[in-house]
Amino acid sequence: MAFEFSTTPKIVYAQPLADVLKSHCDKLALTSLCIVTDQQILSLGLLDPVIESLHRASIKVTVFAETESDPSVKTVKQAAEFLLANNVGFVVGIGGGSAMDVAKVASILAAPNCHQTLEQLFGIEQVKGLRLPLVLVPTTAGTGSEVTPISIITTGETTKAGIVSNSLLPDIAILDPALTLGLPPSITAATGIDAMVHAIEAYTSKIKKNPLSDHLSCNALKLLSNNIRMAVHDGKNLNARGEMLLGSMLAGQAFANAPVGGVHALAYPLGGTFHIPHGLSNALMLPHVMRFNLPYAKDMYAELAQLICPELDCKLLSVDKAETLVRYLQKLISELGLPARLREVGITQDSLANLAKQAMLQQRLLVNNPVEITEEDALMLYQQAF
Ligand SMILES: NC(=O)c1ccc[n+]([C@@H]2O[C@H](COP(=O)([O-])OP(=O)(O)OC[C@H]3O[C@@H](n4cnc5c(N)ncnc54)[C@H](O)[C@@H]3O)[C@@H](O)[C@H]2O)c1
Ligand SMILES: [Fe+2]
């Protein structure tokens, strides 16, 4: 079976962030860098020790902290203008998927040889030319954006679009579990479920599933399901935080090469139209899309059930093991304190038809689902989730 696999060339785990950044500056013969992040992370003081340590090492640090959740075209352009105005030669994205996605695209737009506009980058492999040196540091576990060739940008009032290019893979991903210790329980839960969905959807990805992505998905799912409760209920547990960060990165490597499908396709319109956080949107749609897929994906779901469902009877038929997995995930979502119904998060019944229409625009994702989802099916799935 032929396949391709790409990932971030260097991954650094639990080493002092400032030391890694300083040595990359030395390698590039640079004495300055720009951190792209958001106000929340800045005001929590998470970056203070890193910035102080870099200043002591005579590295000049500028900070762009205007990133918002589900970042907009306007924010990406502002970030790129900031990098150009400050003559930045090295970009460090620190934050959740939102800040990392802005850093990725801005590092392309602010490169000296870039002749493209942001609008020309959308789609698959549209990026021409080189980006600025880029390091990504996730503070949620999470999107896995530190190892994906993807940036998701909000393009209108209700629409999001993706830029997919290997140029978006950073030079280094730095995983520092200590940065995630203060992540509030609800965000830990939602982002953790997002990572689990990445692993599940990569494992069932219709076209590009391969032995490497399978291996990564399985290990990611085990790490995530073994640690998500601890990370949510005892956020200061460094070991659980570290395992979550590792799991979300492995899931990111899996879905970067075996893309996600129906759950994400139906989740995106909830984020676009109702500004439901990405992880929560996935949690809301997960059980319904899995039950819809079950007749076509039962053997794969059964394999995953064997990995994570405690005391699963190995004599059960695949279809029953698969159903056990769906029930296990439904119970997990409720134990983590996440809402289970669209009506609980402010979505109105009269908007479901429009959501189904929007979901059909996500063909990039829908083609990876184990079975076709039509607009009619999507409406039925939203009604079930309502
Ligand atoms: N590039 C990709 O491959 C990829 C994949 C999936 C999703 N996404 C995109 O990523 C975005 C979602 O990213 P996300 O789920 O990581 O959320 P996020 O980056 O929007 O962050 C959510 C909230 O958590 C806060 N936060 C982050 N880290 C924190 C910390 N350590 N302590 C306290 N607060 C912290 C942020 O300030 C923000 O308020 C969406 O735009 C989504 O579309 C990208
Ligand atoms: Fe996701």
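1. In this predicted model, helix H5 gives the most to the shell around ligand 1, contributing four residues. H5 runs over residues 97–109. Other elements that each supply at least two residues of that shell are helix H2 (39–43), strand E7 (150–154) and helix H6 (185–203).

2. The shell around ligand 1 counts 30 residues, and those that come nearest are Gly97, Ser98, Thr139, Thr140 and Thr148. Sorted by class, the shell holds 13 polar, 12 nonpolar and five charged residues.

3. Which residues make polar contacts with ligand 1? Thr140 places an N or O atom of its side chain 2.7 Å from an oxygen atom of the ligand. Gly97 uses its backbone instead: a polar backbone atom lies 2.8 Å from an oxygen atom of ligand 1. Ser145 faces a nitrogen atom of ligand 1, with a polar side-chain atom at 3.2 Å. Of the 870 Å² of accessible area that ligand 1 has on its own, the protein covers 92%.

4. On to the charged pairs. Side chains of opposite charge can pair when their charged atoms come close. The model has nine salt bridges when a side-chain nitrogen of Lys or Arg must lie within 4 Å of a carboxyl oxygen of Asp or Glu.

5. One of these salt bridges joins the side chains of Lys160 and Asp70, at 2.7 Å from N to O. Lys160 sits in strand E8 (residues 160–164), while Asp70 is in the loop between strand E3 (60–67) and helix H4 (73–85), so this pair ties together parts that are 90 residues apart in sequence. Are the two residues buried or exposed? Both Lys160 and Asp70 are buried.

6. Glu323 and Arg291 also meet through their side chains in a salt bridge, again with 2.7 Å from N to O. Because Glu323 belongs to helix H11 (residues 318–335) and Arg291 to helix H10 (residues 278–308), the pair ties together parts that are 32 residues apart in sequence. Glu323 is partly exposed, with a relative accessible area of 21%.

7. Arg327 counts as partly exposed, at 46% relative accessibility.

8. A network of salt bridges links Arg229, Lys331 and Glu335.

9. Last, a nonpolar feature of the surface. Which residues form the nonpolar patch on the surface? Met1, Phe3 and Leu212 do, and together they have about 320 Å² of accessible area. Phe3 is found in the segment before strand E1 (10–13). Phe3 counts as partly exposed because its relative accessibility is 38%, between the limits of 20% and 50%.

Technical notes: Residues are numbered from 1 along each chain as its sequence is written. Chains are lettered from A and ligands numbered from 1 in the order in which they are written. This is a predicted model: local features need pLDDT of at least 70, side-chain atom pairs count only at pLDDT 80 or more; totals for chains, interfaces and linings use all residues. Side-chain values use heavy atoms; hydrogens and water are left out. Patches are made of residues with over 30% relative accessible area and no salt bridge: like charges are joined within 9 Å, nonpolar side chains (Val, Leu, Ile, Met, Phe, Trp, Tyr) within 5 Å. Accessible areas come from the Shrake-Rupley method with a 1.4 Å probe; for residues, only the protein chains shown count as cover. Buried means under 20% relative accessible area, exposed over 50%, partly exposed in between (1.4 Å probe, protein chains only). A residue is near a molecule or strand if one of its heavy atoms lies within 4 Å of it. A polar contact is a pair of N or O atoms within 3.5 Å; within protein, one must be able to donate a hydrogen and the other to accept it, and residues adjacent in sequence count only if both atoms are side-chain atoms. Ala, Val, Leu, Ile, Met, Phe, Trp, Tyr, Cys and Pro count as nonpolar, Asp, Glu, Lys and Arg as charged, and the others, Gly among them, as polar.
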